[in-house]
Amino acid sequence: MKQKDLILYSSLIILGLAAPYLFSAFKVQLTYLCVLIVLAMTWNLQGGEMGYNTFGNILFYGLGMYLTASVQVGMFFPLAEWTESGGEKTFVHTTAQYFQGIGVGLLVSAIVPAIIAGAIGYAILGLRGHYFAICTLGLGIAAGEIAGGIEIIGAGQGFTTPPFPAEIVDTEARGKFFYFLSFALLIGTFIFVKYIYGSRFRLILNAIRDNEDKAEAMGIQTMKYKIVGWMCSAFFCGLAGGIMGGLIGYIDSTDVAFDGREMGVFMVLMAILGGKGTLWGPVIGATLFHFFKEGLWTLILGWQYVALGVLIVVIVVYFPEGLMGWLREKYPERFGEVIDEKDRKAQVELK
Amino acid sequence: MDFLIFKAPMLMVQASLDGILLGILFALIAYGMALQWGVMNIINIAQGDLVILGGYIAYTIYLWGIHPAWGVIISPIIMFFVGWGLYKLVINKVVDRDLFISILATFGIAIVFQQLMNFIFGADVVVAQSEYGTTMLFDNSVTLPNSKIFSAFISVLYAVALVIYMKKSRLGRAIRATAQNARAAKILGVDTEKVYAATFGINAALCGIAGALISITLTLHPYVGLPYTVRSFMIVIVAGLGNLPAVAVSGMGLGLFEEFADYILGTEFRIGAVFLLLVLILVYRRFKLSKKREYLK
């Protein structure tokens, strides 16, 4: 690792660790930011690197949310009686039970979505281009509609996640706990994605994006790598969902968990805004988007979805390459690309 | 699950008739989808929201005291210009690009439309009363609202009129030429930009008719557009582009599926079943094609 990188990463980690103390009032927003970055980075593995534009990662996010909460409740109390359908009885988690529950819940919410991604991957990833996009869109919405009809997880009434143990007197503890949890997830995801960016796996994903038939002809078992890539995304999306469920404290099938209209679009938008197919693009895109959203949302109350829709159209139509793509075009040397001046001139003349 | 439908045969007749009449309406929306997909090669996620907007236009004239059935004439005229404007604003910039760009851009348009309709018409479920009464069949055991029969009849009428228009008129021939080969059509003097705008306008007008019919047969709500988009997408991928009889048949099939899913699984799973059917159809076709080492294009 170069010294410059070392300084950058260590200062970012110190900033991240200090953030909840520096900006004590914005802990929830910072937790959101970490989760958004994780979602954008994992979406980028499909949409940016593999060329499979998915709307379906929201499926794993929502699944993780429901799984974490269900396990956390179900480990100690009967789940059917917790939710609305069973009379919404009140059970109180002790401190130890709460943390044990959320620990096991997060573990389950990482592994089960990854397994599900592997199981449906063979069928779904055989579709290409826009068929894949529409199919995953359908999958995410179907999951939300079906979850809204299942009684044991609260059906349409929603699911209240266990409240933070009351024995901990420190009022800041809840915010800090979820912030550090999401920050740990962010660091884990970043290290993982950075590892992928330096590996042969990324080259294979890029080959699939650029020309899948040729990649197959070169002897790459594309299906295997596509499924593994999707499973990696599902793993981190599930974890992100689990943390978000605990933070929000209430799970609704279509408005919180399988929220294709917000989260499902946000992750695509953030990755495109920052620049698809780059390591830092989704991070920058998610940060910019979050600041924009939090800053503007309250100013234009009621009109935020109109603004969101217009933003989507403007970004997609005018900046499909994103911020990093724009920088790359402007300063190609910084990205390690060498440009042959003669060749460039010749191409300009041809135009 | 509820298997009442298998115990009472009359319920089955009821579901079948409802499904077929509803399916004809879906087929009309799907025909617009197939038209723009075939000619301009874009997938319009905002299709369902155009339908709902058309419905709200009919609902508005109903509030003014005019019979909502006039909506099937007024709504398409207004929607044609809405579609034309939409094309000039956004769609013309995504026509020649990657399909995913058109999906995302129209997704953005869909969100804007939903929210604006929410502001203008409110978030309540509304329906325009046509007061056509109902027809009773088989000793009053099957009830059919006359508005559903009316809507199926109008749908067929407009579809036939459009087919004839596409075959005979100058614009229709220009549209078909552009669909076959846009570049060649351009060389032969067809103003493809105008053709694209007209195609999108016609699509929006079809959505307007369907919306006006939905306002008297079903219910309207600002956020129920997406299921209509998915239904029309599903019908188009089953039937193929530009195959009108197949569009009609698969539309009716979808209507039947929905009504039976409604009875068997329960109303809360109805929309879920539609979206799941889309996934299953795509996966089925993918496995069928992969035997020939091909994939959906």
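1. Which residues in α6(B) meet which residues in α9(B)? In this predicted model, S147(B), K148(B), S151(B), I154(B), S155(B) and Y158(B) of α6(B) are in contact with I209(B), L213(B), I216(B) and T217(B) of α9(B), where two residues are in contact if their C-beta atoms, placed from the backbone, lie within 7 Å. By class this contact has five nonpolar, four polar and one charged residues; Ala, Val, Leu, Ile, Met, Phe, Trp, Tyr, Cys and Pro count as nonpolar, Asp, Glu, Lys and Arg as charged, and the others, Gly among them, as polar.

2. Residues are numbered from 1 along each chain as its sequence is written, and chains are lettered from A, and ligands numbered from 1, in the order in which they are written. Since the model is predicted, local features need pLDDT of at least 70 and side-chain atom pairs count only at pLDDT 80 or more, whereas totals for chains, interfaces and linings use all residues.

3. Helix α6 of chain B covers residues 146–168 and helix α9 of chain B covers residues 192–217, and the two pack at an angle of about 170° with their axes 9 Å apart; axes are lines fitted to C-alpha atoms, for helices over the stretch in contact, and angles run from 0 to 180 degrees between N-to-C directions. The pair is therefore roughly antiparallel, given that angles under 35 degrees count as roughly parallel, over 145 as roughly antiparallel, 65 to 115 as roughly perpendicular and the rest as oblique.

4. Chain B as a whole has 12 helices and two strands, helices (H or I, at least four residues) and strands (E, at least two) being DSSP runs numbered from the N terminus. From the N terminus on, the elements run α-α-α-α-α-β-β-α-α-α-α-α-α-α. The radius of gyration of chain B is 19 Å, close to the 19 Å that the globule rule gives for 297 residues, so chain B is as compact as a globular protein of that length; the radius is taken over C-alpha atoms, and the rule is 2.2 Å times the number of residues to the power 0.38. Its C-alpha trace spans about 65 × 55 × 35 Å along the principal axes.

5. Within chain B, 49% of the 297 residues are buried; a residue is buried if 20 or more other C-beta atoms lie within 10 Å of its own, exposed if 12 or fewer, and partly exposed in between, with C-beta atoms placed from the backbone. Of the contacts in chain B between residues at least 6 apart in sequence, 76% join residues at least 24 apart.

6. Helix α3 (residues 47–63) and helix α10 (residues 225–239) of chain B pack at an angle of about 125°, with their axes 6 Å apart, which makes α3(B) oblique to α10(B). On the α3(B) side, Q47(B), G48(B), D49(B), V51(B) and I52(B) take part, and they meet G225(B), L226(B), P227(B), Y228(B), T229(B) and S232(B) of α10(B). This contact has five nonpolar, five polar and one charged residues.

7. A110(B) lies in helix α5 (residues 99–121) of chain B and is buried, with 24 other C-beta atoms within 10 Å. Leaving aside neighbours within four places in sequence, A110(B) is in contact with I45(B), A46(B), D49(B) and G225(B). A46(B) is 64 residues away along the chain, yet the C-alpha atoms of A110(B) and A46(B) are separated by 4.5 Å.

8. N41(B), found in the loop between α2 (9–40) and α3 of chain B, has a positive phi of about 60° although it is not a glycine. N41(B) is partly exposed, with 16 other C-beta atoms within 10 Å.

9. Chain A has 16 helices and two strands. The radius of gyration of chain A is 21 Å, close to the 20 Å given by the globule rule for 351 residues, so chain A is as compact as a globular protein of that length. Buried residues make up 45% of its 351 residues.

10. Between the chains, 32 residues of chain A are in contact with 34 residues of chain B. On the chain A side, the elements giving two or more residues are α5 (95–124), α6 (129–147), α12 (263–274) and α14 (304–318), and α6(A) provides the largest share, 12 residues. That side divides into 22 nonpolar, eight polar and two charged residues.
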